[in-house]
Amino acid sequence: GKSVDKFNAHCAKHLVSELDGAGVTAVAIADATNTWNAWKARRDYEAAQPRAMDDEDGSVDPEPERISKADNSRARLAAFRAYAALVTRTQTKVKFYQAMFEPRGGAEEMSKRWNSLLEPSYRPRLEVEARLVSARAARRERALASARGDGAAPADPTLPFTLSATLAAGDATLGAPPANPSSRPEDPAANENRTGENGENAPANGEDDEGPLDELETHPLASAAFAALEHLTRGGVTDFNDAHETPKLVGSLRTLLSDRAVDHAPRLLVVKALLRLHRKEIDAFQRATIAAEEERSRRARDGPDDSQEIEVLAERSPEELEAERIERAKREGNFFNLADSQPLPGGDDDDGATLPSEPAAAADDVDDENPGTLDRSFLERHARELLPAVLRAMLDASSAEKCDALHAALRESAVAALECARAWEFDENGETEELLQEFTAHVVRVAPIKAPYMLRQNISLVTQLTGRLVRASVRRARGRGIVSDDDLDRIAADALKPVLDSVIELIDVDPALGSREEGRTMRSCGVQIVGALAMAGTLDLGDHVPRVRHDGGKGGGAGWEVDPGCKFAYICAGVATCLMEPGASTGRPLHAAAASLLGVALHQGAEQRKRAESVDNDDHKADESDAKPTEPKWHSVLKKRLRKLYDIGPQDAFITACERIARKHPKWLLKDSSAAITQLNTLLPKVHGEPRFVALSALAKVAECDKDASAAFAEAMLPTLPTLLAARDPQIHVLALKSLAGTLPTLAEEAGRWPNGRKIDQVAWRVALERAEKELWGSADSGVRDAHAQLCVAVASRVPTLADAPAVRSPLLRALAEGASGSGETPESNRGGADAGGEDSAASAVLKHWHSHLPGSSLAAATAAAVQSRSTALDSSDANAAAGNLGRRLCAALRTLPTARESASVNATAAGWLAATCHVVLAVPRSESAYRTPVFDSDLMDCDFHEAFVDTAWQGASLPMAPLFSSQTSQGFDGAFATTARASADQPSLATSQRPANP
């Protein structure tokens, strides 16, 4: 009772004294300092006295030991950890927790306390990939270390390479006993660590802990702060209610983290404790949400569980509950006061300590659709006060440690900032907005990294931060009554100015640095960040000066031009310099990224001119005297660089740049009399491997954007096709065949307008198809075979005169034989509504082709009806019967197959005649909707079964043939059956192939 109260009060008093530098450690330091000063005075006095030559005493005055600053810091840190554990386990008033983070002396005492908790030589390690260790493993290591004491290796006979293990290997009786937890003696160190260090709540048996922790989170200072904050947020404090007001403890934390007089290391550790608490609460909230959703699904599926008994508890008033807590506190003696170290009288004082109440239940009406309104964590509830301080402490730590990388702690704080929507509700003074702008700009500066995966993650993080920053600034402006698009664009441009300046720092590097790998990585990161912002619609790079849009271009506004005096106004010209220099051999990733960004800028410029033209057409007709819009200057810079790359090399860099531009704006390559297209066609047969594939991709993209370009592509590709097919490169084969197939609709449309259009060169197509059949008939690549079949289907559909050519029919027959194992569904009967993949689309196209050319399907019926309507020789019923006759389809399929063995390709085609015939015949019922119609309308359990009458009079026709010179009686048949058999002898038999003559 009272003895425990006094003990707790005594411990608390001395621990606070140690934290404030007035405890026994300070006394010991003062005594040691006085002793050392006295020793120094004696040494100085003795050094001034003349020494005796003889009979010297010879006694030595040793130098006394001094208590170092490191020892002082370790003692204070131990006091902080002990105080945190004591408060967490015994107190339920928030003032005791507040005293942990903010002393009574104000800012000066705060800096003294926190700066003395860590050793002067301690430097936190900020790593890009934090070294994680589970909390359970950390507790186990601490338990083993405390059990060893002197740091010696544990004497475990089960470990290898020890004397015990060696002896046990020779004699089984010397082996270690089986591991039986119930028979082992209790380990006090392990028992102490079960509850967690510094009062942390250890996971229950069978439950996993919160996951691995990094080195900063396992630091004693961070662990102690986390334990106190976790106990506070779990409802262990009775007078702490942060649902409707901001407690003083939040102000103390904000003051601590924002005070630059406090060293960056302790502030960083407290920040890590807050982030760890935030991560744990978010995980718990998500698990509770998932569990609640699963419970609701279970109840909706199974209905209410009436078997569960409902226990009705008597209601008690709050006064009765408070009296019960006070009585329990008196019995356990959990009282002390930091001011006078006297026990408090029960519940008479409002500041007296009480036992913790049960944690409040999580709300069931959580809005998952709007995360900004959720109170999922302590940091999220007080984001407006705490998050700016967290970001300030993180920026100071990164600056003090001179960390130029996006380390794990900085990334975690950025993610927490994105999760806490309340932090983006800017106040009127603009301090939070400026801090978030500074933080985002710092993330941009440290985003470059060589690993591609990490670089993509960093760019994604930057994009999310900038988007949230723009939206928050625009939302605050609208709250002030600003609704004009131009004003909102200007506000968005002002919010992005620090970010854009940081991007320029990455791209506009020193030439000496830009020639090294580090500089190229920085420039590549800056280029990709600009590209991500442009793809998001925030930046419009198509004009002379870049523009910023607050709505991502959704509103159709022109955007706000950035300041023409800043360097970012010339961003496209700077990106053009990121292309490879003529004759260079390094910097290809940067070259590809820069070309992609320029393609995006060209596309945005084209869209901007299109919008301007539509506005002019709607308002008034443009006069002939109106000046055409001039191209930005960086267009000419890009053209000159591409021309030099083609003339001097490397030519693969020229091809890469053209292909990246063609991805976004292929029409730009058609300018200047299609000079770039002519150069690509010239290089296509000369280059090999990946450059050839990239060049062919660029040409194919250009062919898709314009009819004339498509016809020119086919005209240039047909003579080059033998060269492309001669190379054993399946990817090039597939791309070439698919590209040619894609030009046929445009060519057929153009031929349909003849004599105003151009006819299809059937001779060139026939030669190209024959060469393709010669080179690809035995290809082992399924993609090549599918592309070849799709090309033949397109030729047979768009050029009917070539449909019966052997070079067209043979690939289609082989594709039909290979598709025998497929589903055989036509695109009309595909329930998914779309083709599942390339192979399925090719098989469906081939089957659709044969359905239209063979009788027995709906397509063939439509074709036969069309033929019958133009002919009077056949009756309509005969035409429909011919269209639906599977026998005619079978005969037609067999006649279609090649029989002459003139070449190896025809031989290979004819080898699969049986599989092809079966597939094309059996595909008819599978392609009809009745194929999937259920046989029975109702379930078999609901059906009534009756005995069926079967007439067996016809079964004699199916009897086995009797041996020669034998009779039916000798075979054991009875007379009745023999009579039936003889009576049915005059009837036609299913086993005979002749029908009886008509009477």
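H27 passes H29 in a left-handed crossing. That's a handy place to start looking at this model, which is a predicted one. The two helices pack at an angle of about 20°, and their axes lie 10 Å apart. Angles under 35 degrees count as roughly parallel, so H27 is roughly parallel to H29.

Who does the touching here? On the H27 side you'll find Ala714, Leu718, Leu721, Pro722 and Leu725, and they meet Ala764, Trp765, Ala768, Arg771, Ala772, Glu775 and Leu776 of H29. Sort the residues of this contact by kind and you get ten nonpolar, no polar and two charged.

Now slide along to another pair, H28 and H30. Their axes come within 9 Å and cross at roughly 15°. That makes H28 roughly parallel to H30, and this crossing is left-handed too. The H28 side of the contact includes Pro730, His733, Val734 and Leu737, while the H30 side includes Gly783, Val784, Ala787 and His788. Further on, Leu744, Pro745 and Ala748 are also among the H28 residues in the contact, with Ala794, Val795 and Arg798 among those from H30. This contact divides into 13 nonpolar, four polar and two charged residues.

Two packed helices are described by the angle between their axes and the distance between the axes. Here are both pairs in that form:

| Helix pair | Angle | Axis distance |
|---|---|---|
| H27 and H29 | about 20° | 10 Å |
| H28 and H30 | roughly 15° | within 9 Å |

Next up is H26, which runs over residues 690–705. With 16 residues, H26 reaches 23 Å from its first C-alpha to its last, close to the 22 Å expected at 1.5 Å a residue.

Finally, step back and take in the whole chain. Its secondary structure comes to 38 helices and five strands. The chain has 999 residues, and buried ones make up 41% of them. As for contacts between residues at least 6 apart in sequence, 73% join residues at least 24 apart.

How values were computed: Residues numbered from 1 in each chain as written. Predicted model: local features only at pLDDT ≥ 70, side-chain atom pairs only at ≥ 80, totals over all residues. Heavy atoms only, no water. Axes fitted to C-alpha atoms, helices over the stretch in contact; angles between N-to-C directions. Helix = DSSP H or I, 4+ residues; strand = E, 2+ residues; numbered from the N terminus. Parallel < 35°, antiparallel > 145°, perpendicular 65-115°, else oblique. Left-handed = near helix turned anticlockwise from the far one by under 90°. Contact = heavy atoms within 4.5 Å. Nonpolar A, V, L, I, M, F, W, Y, C, P; charged D, E, K, R; others polar. Expected span 1.5 Å × (residues − 1). Buried < 20%, exposed > 50% of the residue type's maximum accessible area, 1.4 Å probe, protein only.
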